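Hi,

Here is the structure I promised to pass on. Have a look at it first, and my notes on what turned up follow below.

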Amino acid sequence: MGIRDNLELVNKRIEEAAAVSGRKREEIKLVAVTKTVDIGSIREAVGLGITSVGENRVQEMMDKHENLKDCELEWHMIGHLQRNKVKYIIDKVSLIHSVDTTALAREINKRAEKSKKRLDILLQINVSGEESKFGMDPGKVRDFLQQTESLKNIHIRGLMTIAPFTDNTEEVRPVFARLKEIFESLKTNGYEGADMDYLSMGMTGDFEVAIEEGANIVRIGTGIFGARGQ
Ligand SMILES: *Cc1c(COP(=O)(O)O)cnc(C)c1O
């Protein structure tokens, strides 16, 4: 199947999963994960309606951003971000999904201030306490929010997680459900500068379960572009 058919199927599956939780297709943002994908294929996806792309490496995002200047695209940083590289993407990125330390938040705030902007970020949470070596412990989120309240050039817009890889998607349901719980509890006890608007969870193998459990951003690569050559 080509990108057109893949995308059609992904959109249909998003719509069906959204219906399970009483929502509409338009309430779920699809971020097409374009890491390792060639420019021609990305252009094809843009021609088919993709408006947001996700990259996990700074250099690759910079190169592609340059090559796709003529496209109206939102760029999402979804991978681990080193502090010394924030400056390269600060004027390119719409949303950073992977903020997991106060040091990184402070660096983003500093660079955003220099660029005279307020940048949207998500906190990456390591819900299952294994698999991913990145992401903050769920028990540290409140401290994080308190410590970053004074940072006026970042806007915390929600939470992100990467579920453990498994063939049995039902195993990841509790992980997504737990993040949604944390999300809702933070929504009720508001913090200055933090709004719980986005819940970024779900990839090709598990996005339907994630949506059923409340995700409103899904990050899908393989399901759109096919298997990545490594
Ligand atoms: C690669 C990646 C994805 C997309 O993975 P697929 O399984 O190809 O859909 C989503 N989120 C993050 C953080 C990734 O690194």
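Predicted model: local features only at pLDDT ≥ 70, side-chain atom pairs only at ≥ 80, totals over all residues.

**Pockets**

Helix H1 (3–20) and strand E1 (29–33) each put at least two residues into its lining. H1 is the top contributor there, with 4 residues. The space inside comes to about 180 Å³. Its lining has 14 residues, and Asn11, Arg25, Leu30, Gly49 and Ile50 are the ones closest to the centre. By type, that lining splits into 5 nonpolar, 4 polar and 5 charged residues.

The largest pocket has a volume of about 710 Å³. What sits around its middle? Of the 29 lining residues, Lys35, Ile162, Ala163, Met203 and Arg219 lie nearest the centre. Here the lining divides into 11 nonpolar, 11 polar and 7 charged residues.

**Helix H5**

Which of its residues are buried? The list is Thr102, Leu104, Ala105, Glu107, Ile108, Asn109, Arg111 and Ala112. An α-helix has 3.6 residues a turn, so residues three or four places apart point the same way.

**Two positive phi angles**

Most residues other than glycine have a negative phi, and there are a couple of residues here to check against that. Just after H5 comes Lys116, with a positive phi of about 55°. Lys116 belongs to the loop between H5 and E5. Is this lysine buried or exposed? With a relative accessible area of 76%, Lys116 is exposed, because anything over 50% counts as such.

Thr36 also has a positive phi, about 65°, although it is not a glycine. You will find Thr36 in the loop between E1 and helix H2 (39–47). Its relative accessible area is 41%, which makes Thr36 partly exposed.

**Salt bridges**

How many salt bridges does a search of the whole structure find? There are 18. I picked out a few for you.

Start with Glu74 and Lys29, whose closest N and O atoms are 3.0 Å apart. Glu74 lies in strand E3 (residues 74–77) and Lys29 in strand E1, so this pair ties together parts that are 45 residues apart in sequence. Both partners are partly exposed: Glu74 has a relative accessible area of 29%, and Lys29 has one of 23%.

The next pair is Asp197 with Arg157, where the closest N and O atoms come to 2.7 Å. This one also links distant parts of the chain, with Asp197 in strand E7 (residues 194–200) and Arg157 in strand E6, 40 residues apart. Asp197 is partly exposed at 33% relative accessibility, whereas Arg157 is buried, with a relative accessible area of 15%.

Glu184 is partly exposed at 30% relative accessible area, and Lys187 is partly exposed at 44%.

Finally, some salt bridges share partners: Glu170, Arg173, Glu212 and Glu213 are joined that way into one network.

Cheers

Methods:
Residues numbered from 1 in each chain as written. Heavy atoms only, no water. Buried < 20%, exposed > 50% of the residue type's maximum accessible area, 1.4 Å probe, protein only. 1 Å grid on protein atoms, 1.4 Å probe; cavity = no way out; pocket = protein on both sides within 12 Å on 5 of 7 lines; lining within 4 Å. Points joined across faces, edges and corners; volume = space filled by probe spheres on them. Nonpolar A, V, L, I, M, F, W, Y, C, P; charged D, E, K, R; others polar. Salt bridge = Lys/Arg side-chain N within 4 Å of Asp/Glu carboxyl O.
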